[in-house]
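Subject: Structure handover

Hi,

Here is the structure I promised to pass on. Have a look at it first, and my notes follow below.

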Amino acid sequence: MIVVHMGVSGAGKTTIGKLVAARLGWRFIEGDDYHPPENVAKMAAGIALEDADRWPWLEALNRRIAAERNAIVTCSALKESYRRRLLAGIADARLVYLHAPKPLIAARVAERKHKFMPASLLESQFAALEPPARAIDIDVSGEPKSSVDALIEALQRS
């Protein structure tokens with residue numbers, strides 16, 4: 001099974017993903033590692049990505065996870081079209097929507113230093129976000145351990 005942790009920057013995709021992968025003994029795949037250099041440069045300069053920028057990234061990540069079994073994958077996957085492209089041809093996948101109130105996410109992003117995602121781009125992520133219709137819904141307002149426990153319980157039920 002491929003479990004994709006999606007949501008805006010600061011939702012805890014990497015933090016929670018690593019914890020879930022460790023608890024399940026699964027591989028962890030950081031989606032940001034598959035951005036082409038042009039995307040990284042744009043984001044580092046505070047320029048929001050457009051759909052055309054995202055297609056090569058999503059296709060590269062799709063190729064990476066297509067042969068995986070039992071992996072946790074992080075990817076913002078903000079729009080339904082992105083999720084379709086990311087999961088094309090992958091039969092056993094679960095989508096996990098990590099979210100919290102916007103002020104809390106903004107405070108978290110302001111407190112951290114991401115390798116190329118400045119806090120100034122958070123607004124563009126919320127503007128692009130299309131919450132998924134069918135996903136495991138996890139409110140990440142609390143401590144990561146609570147989110148991990150809720151997520152593992154939901155995966156066991158699905």
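Let me start with a spot in a loop: alanine 77 sits between β3 and α4. (Helices here are DSSP runs of H or I with at least four residues, strands are runs of E with at least two, and both are numbered from the N terminus.) Before I go on, a word on the source: this is a predicted model, in which local features need pLDDT of at least 70, side-chain atom pairs count only at pLDDT 80 or more, and totals for chains, interfaces and linings use all residues. Residues are numbered from 1 along each chain as its sequence is written, and side-chain values use heavy atoms, with hydrogens and water left out.

Alanine 77 has a phi near 45 degrees, a positive value in a residue other than glycine. It counts as buried because its relative accessible area is 1%; buried means under 20%, exposed means over 50%, and partly exposed is in between, with a 1.4 Å probe and protein chains only. Serine 76 is in the loop between β3 (71-74) and α4 too, and with 8% relative accessible area serine 76 is also buried. Setting aside residues up to four places away in sequence, serine 76 touches Met6, Gly7, Lys13, Arg54, Trp57 and Gln125, where a contact is a pair of heavy atoms within 4.5 Å.

Asparagine 70 also has a positive phi without being a glycine, at about 55 degrees. You will find asparagine 70 in the loop between α3 (51-65) and β3. Its relative accessible area is 32%, so asparagine 70 is partly exposed.

Now the overall picture. The protein has 7 helices and 5 strands, and along the sequence they run β-α-β-α-α-β-α-β-α-α-β-α. Why does the radius of gyration fit a compact globule? For 158 residues such a globule would come out near 15 Å, and the protein has 15 Å, which agrees. (That radius is taken over C-alpha atoms, and the globule rule is 2.2 Å times the number of residues to the power 0.38.) The C-alpha trace spans about 40 × 35 × 25 Å along its principal axes. Buried residues account for 47% of the 158. Of the contacts with a separation of 6 or more, 78% are between residues 24 or more positions apart. The accessible surface is about 7900 Å², and 52% of that belongs to carbon and sulfur atoms; areas come from the Shrake-Rupley method with a 1.4 Å probe, and for residues only the protein chains shown count as cover.

Next, the strand β5 region. Isoleucine 136 is in β5 (residues 136-139) and is buried, given its relative accessible area of 12%. Beyond its neighbours within four places, isoleucine 136 is in contact with Leu95, Val96, Tyr97, Leu151, Ala154 and Leu155. Serine 158 is partly exposed at 46% relative accessibility.

Alanine 135 is in the loop between α6 (122-128) and β5, and at 33% relative accessibility alanine 135 counts as partly exposed. Apart from neighbours within four places, it is in contact with Leu95 and Tyr97.

Last, a pocket. Which residues line the second largest pocket? They are Glu80, Arg83, Arg84, Leu87, Leu95, Pro132, Ala133 and Arg134. By class that is 4 nonpolar, no polar and 4 charged residues; Ala, Val, Leu, Ile, Met, Phe, Trp, Tyr, Cys and Pro count as nonpolar, Asp, Glu, Lys and Arg as charged, and the others, Gly among them, as polar. Helix α4 (residues 80-87) gives the most to this lining, with 4 residues. The pocket holds about 190 Å³ of space. (On a 1 Å grid over the protein atoms alone, a pocket is an open set of points where a 1.4 Å probe fits, with protein on both sides within 12 Å along at least five of seven lines, and lining residues have an atom within 4 Å of a point.)

Cheers

Definitions and conventions. Points joined across faces, edges and corners; volume = space filled by probe spheres on them.
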